[in-house]
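Here's a walk through a structure, taken one piece at a time. Keep the 3D view open and follow along.

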Amino acid sequence: MQLIDCPWCGPREEVEFHYGGEAGVAYPADPAALSDEEWARFVFHRANPKGPLAERWSHSAGCRRWFTAVRDTATHRFRR
Amino acid sequence: MSRVDGYGTRIDRSRTLRFTFDGREYTGHAGDTLASALLANGVHRVSTSVDLGRPRGIVAAWSEDPSGLVQVEEPFPEPMLPATTIELTDGLVARGLPGRGRLAEVPDTARYDRKHTHCDVLVVGAGPAGLLAARTAARRGERVVLVDDRPAAGGSLLGTERICGRAALEFVADTLVELHANPDVVHLQRTTAFGHYDDGFVLALERRTDHLGADAPRNVSRQRVHRIRAARVVVATGAHERPIVVEDNDRPGIMLAGAARDLLHRHGVLAGREIVVFTSDDAAYDAAADLAKAGARVTLLDARDGVPAAGARRCAEQGVTVRTGAVVTGTRGTEHVTHAVVGGEELPCDLLLLSGGWNPVAHLVSHIRGTLAYDPALGAFRPGEPADDTAGDGVTAVGAANGTLDLAGCLAEGAGERAQPVERTPTKVLWRTDGDPTRQFVDLQRDATVADIARAVGAGMRSVEHVKRYTTIGTAHDQGKTSGVIASGITAELLGVPIESLGTTTFRPPYTPVAFAALAGRERGRLFDPARTTVLHPWHEDAGAVFEDVGQWKRPRYYPRPRETGGIEDMDAAVLRECAAVRGGVGILDGSTLGKIDVQGPDAGAFLDMIYTNVMSGLKPGKVRYGVMCGLDGMVIDDGTVLRIDPERFCVYTTTGGAAPILDHMEEWLQTEWPHLRVHLTSVTEQWATFPVVGPRSRDVIGAFAPDVDVSVEAFPFMSWLDTHVDGIPVRLARISFSGELAWEVSVDGWHARAVWERLVALGGQYGITPYGTETMHVLRAEKGYPIIGQDTDGTVTPQDLGMAWAVSRKKPDFLGKRSFSRSSNLDPLRKQLVGLLPLDPDLKLPEGAQVVELTDALPPPPVPMLGHVTSSYRSAALGRTFALALVKGGHARIGERLTVPVGGALVPVEVTGSVLVDPEGTRRDG
Ligand SMILES: [Zn+2]
C-alpha cells in the first residue's frame, strides 16, 4: 500500500485516491472542427509510456481535490 | 519419555497439561509446543503424506516445519496448523493431518480486530540482532515497534551463550526491561510480520489468546492484525536450516540438526538416543556435542574433508564420533528411521539429523521486490543491493537474515555496525546425495521429489518459477521455507547452469498462513458492508415490505399482503396489485435514495449545459427538466430531472446508483477542465426525503395535503415545482412523473419525513393509496419505455439508441459527448436500439438477459448471429400481458417484425414494438 502525497492533505494511503489517467490532455478548443480520427485520438488514445508520466489523481476519499503528480509507471514511485 | 533433566529453559515442569492426540491422552508441560510434547512422549509419527501415504513426523522446530501438520479439534476446530507452532494448553485435542484440513462447521465466536501503528523503526525479530536494533533506535529517541513470532524474545538464543560477559537470557531480559520502560517502544511477541508492502507498510498478526487455552478472557480479541507504517524496517528474522536431500529422507525421526538442539535446550526433549548427524556445515557440530552431553550416542558425518577445529574439539570432549568425507545416501525403517545408509554401511539410529547450511529468512525483503543475491559461501540467497529506487528503500536486513551467522556479528549488525569476519570452514553446498530420485523428497508436504524436478526440466521448464508451479514445490503451508533453495539448486544442477543464473522464486505474502477471520476483523456479518436505510425504513418494516439491495441501500421491493385464500402474496401478485392501484387510483413510493446534488454559483447554468445533452441554462426558476448525461464517447451515463431553484442554483436528481459517481464526474470536469467556472457542488442526497405520489387520484391527495396550493393543471402544470408549508413544515412539491401518470414528488427534510409520509398515507386512505416498491416502479416506467441506466444500458448506448434524440440539443455549440454523436460508428443504422418486445404468448415472461435472434423454427448451427438481448421483462397489469424491453440491432427499423428469443430449449416468437407500450399519446400525464 503506497503513500501518495496529496498537495492539500499530505501523505495518505493509496486507497483514498482515484486515478484519472494521463495529465495534460486538454479538452479540444473546438471539438466540431476535429476529424473523427482526431476526436478519437483525444477520447481513446493515451501514450502509456514506461517511465515517468504526469498523471491526474483525485483524493476522492479525502479532500476530493484533483491534482497532477509525476509517477514512474515501471516502479510506481512518485516523484517527490 | 525423552525428557531429560537439567534442560528446558522454556518449560515449567511444575505445571502439567493434559492433551489428546489421535485419540490418545498424553501430558506435557507449560511452555511446550504440541510438537515438543509429542516428542517428549516418544511420538515421532504425526501423520501420513498427502499423495503417497508415507509416515511423516516433525522436521523443524518452528514455522518452517514442512511436515507435521495437525487438525486442532478443541478448543476450536482449526485445520492445517504445524504442530511446532501450537503452544500446548490443557485440554488441547488434535490429530495428525494427511495433507488436507477440514474447516470448522460451527460459527467462530472469537473476536478478531485490527490496530494501526506508525513508527520510525519497525524491527522484525527479537533475536540478538533485533534486540540490539530496537535498543539502539530507542536510545536514539526513535519510536520503535518490535515484533517477534515466538512466544518469548531471544530468537535463536538457546541459553548456553554469553553476551557481554553475561548469560544470554539475562541479557535478553535486561534489554526488554529497558525497552518496556520506554514509552516510545511497542513490543509484541507471538506477532508474525507476514507481509511487507510499499513505503514501510507491514502487516503483522498477533496471536493474543490461543496460548491461554480455556483461561482466555472472552473480552480480548483472539487475533489482531497490526497495520504498521514505518519510516524504516529492520529485518532481523534469522535463518532457516537447510536439509540435505537423501533417499527416503522423509521418515519420522529425521529432522534438522538445529531443531533437535532447540528441542533439547528449550523444552528439555532429547529426541533420540542413538543419533546420526549428517552435515556439510559447522553449526551441526554444536548440535552433536550438546546432544551427546545430554546423554545421546552421536555419530557425526561431515561431507567435507576438513573439519572446524573448535567444533571438532567440542565433539571430542563429549565423545561424538566424527567422520569426514562421509555421505548418507539413504535410510531404513518403516514407521520410524532405524538406520542411516553410509556407503555400504548401515548405521543404526533412532534420530537422523540433517544440516546443509542456513538460508537467511529474507522474505520481508523479497515481498517489496528487494533483490536476493546468491552467496556461494552460504549456499543460499541473501539480501543484495537494491536494484532500483523502489526496492529496499529504508529496509535493512541484519544478523542471520543478512547471512551473518555468528552471534558477535549479529549483535554488531543489530547495533548498526559492521560485523567482524569470523573464521569458518566453508559450507559445502550439497543439495542432495546419490540415490533413487523418486524417493528423494524435496518438498515433504507436497510429496514432491527430485524426480519431479527432473520431469519439469525434461518438459522444458527453465525458470524456477515454472518448476515451482509444475512440481508444486514451495506451494504448501510452509511456502518452501526449507525446500525452495534446494529446488533451485537441484534445478540448476539438472540444467547444468550455475544457481546464480537461475535465482530463486519470489517470496510473496503471507509469510505464514493467516486466517480469513483475522483479515476480516470486525467486518463480519452485519458489519461486513454498511447498509443505508432511508428515514422511513422502520415504517417499511412495519408495513411488511420485502427489501432489495440497491448498492448499499435497502429499498422496499414490494409490500406483500395476505391472500384471501390464505398465505401471503408472492412478488408477481403483489406487483400486479400495486401497479393496478397506481394506474387506477393512487400509490406512494419512497424515492429518497435518488441522488441529489445542489449546484450553485453564477456559472451553474453554463456548467450544466456542458454536463447535460440538453439546455439547462434556459430553464426558468420554478420549472423542471429531464436531462441525459453522456461520457465523452457519447454513451449515456445517467439521467434524471433538474429543478431550477433560482438563477444561480439548481437541484440535480441522479439515479440512486449514480449519486456518488455523478458527483465525482461533475467535480472532475469542474476542477480539471473548467476551473474558471464559478460553481460549487454539494451532495444533498441524505438531506432530502422524496416521495412520489402517483396516479389519477394523486391530485386529490396532494390537494388535501397542501390546501393552500392550487393543484389544478393550469396553476400547477407538468414539470413545475414550488415550495410551500404544510402545518409549518417546509415542503417542496414537483410535478414529475416516472410512470406516465399524473404525479407529484413531495420532498421534505429528513426530520419531518415520517410525519409527512404518514399524513399523505392517511389522507390518501379514502382513495385507496397504496405504498409500492421498486419492482412496481420498474414495471410502470418500462410500460412507458423509460430506460433504467445500467439495466437497459451498458455503457455502449447513446441517447439516440434509446429513442431520446429529443433530449439532445442541436443548438448548443458543445457539451460532453456531442462530438461523438457524429462519429461514423454512432451513425451506424445497425446499432443496438431500445425497442419493446411482445411475446406472441401473452402469458410468457422472457428472462432478462435472453438473446434475441432472427425469426426461426430451428436455430442454425452455432455461432448463431445475435441481434441483441432482453434488458427488462415484466408482467403488465395495464396491458394484461407480459412485455419486455430489449436492445436489438437496427431495432427502430424492425418495429412490426417478428423475432425469436431462445429460452431454454424453446424458441419463443416475439413481436418488435416501440418502447412505449402504455399511453403512447401521453393522455394520462395531467390526470
Ligand atoms: Zn487531500
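Predicted model: local features only at pLDDT ≥ 70, side-chain atom pairs only at ≥ 80, totals over all residues.

Let's start with chain A. Its secondary structure comes to 1 helix and 5 strands. As for overall dimensions, the C-alpha trace spans about 40 × 25 × 20 Å along its principal axes. The radius of gyration of chain A is 15 Å, whereas a compact globule of 80 residues would sit near 12 Å. Of the 80 residues in chain A, 39% are buried.

Helix 9 of chain B covers residues 450-458 and helix 10 of chain B covers residues 464-471; their axes come within 9 Å and cross at roughly 120°. An angle of 65 to 115 degrees would count as roughly perpendicular, and one over 145 as roughly antiparallel, so helix 9 of chain B and helix 10 of chain B end up oblique to each other. The crossing of these two helices is right-handed. On the helix 9 side, the contact is made by Asp452(B), Ile453(B), Arg455(B) and Ala456(B), while helix 10 brings Val467(B), Tyr470(B) and Thr471(B). Sorted by class, that contact has 4 nonpolar, 1 polar and 2 charged residues.

The bond from Pro509(B) to Pro510(B) is cis, with omega near 0°. You'll find Pro510(B) in the loop between helix 12 (499-502) and helix 13 (516-520) of chain B. Another cis peptide bond joins Pro862(B) and Pro863(B), with omega about 0°. Pro863(B) is in the loop between strand 45 (851-854) and strand 46 (868-876) of chain B.

Finally, check phi at a couple of aspartates. Asp199(B) isn't a glycine, yet its phi is positive, at about 55°. That residue lies in the loop between strand 13 (191-197) and strand 14 (201-207) of chain B. Buried means under 20% relative accessible area, so Asp199(B), at 17%, counts as buried. Asp919(B) also has a positive phi, near 50°, and is placed in the segment after strand 49 (906-913) of chain B. At 10% relative accessibility, Asp919(B) counts as buried too.

Conventions:
Residues numbered from 1 in each chain as written. Chains lettered and ligands numbered in written order. Heavy atoms only, no water. Axes fitted to C-alpha atoms, helices over the stretch in contact; angles between N-to-C directions. Helix = DSSP H or I, 4+ residues; strand = E, 2+ residues; numbered from the N terminus. Parallel < 35°, antiparallel > 145°, perpendicular 65-115°, else oblique. Left-handed = near helix turned anticlockwise from the far one by under 90°. Contact = heavy atoms within 4.5 Å. Nonpolar A, V, L, I, M, F, W, Y, C, P; charged D, E, K, R; others polar. Rg over C-alpha atoms; globule rule 2.2 N^0.38 Å. Buried < 20%, exposed > 50% of the residue type's maximum accessible area, 1.4 Å probe, protein only.
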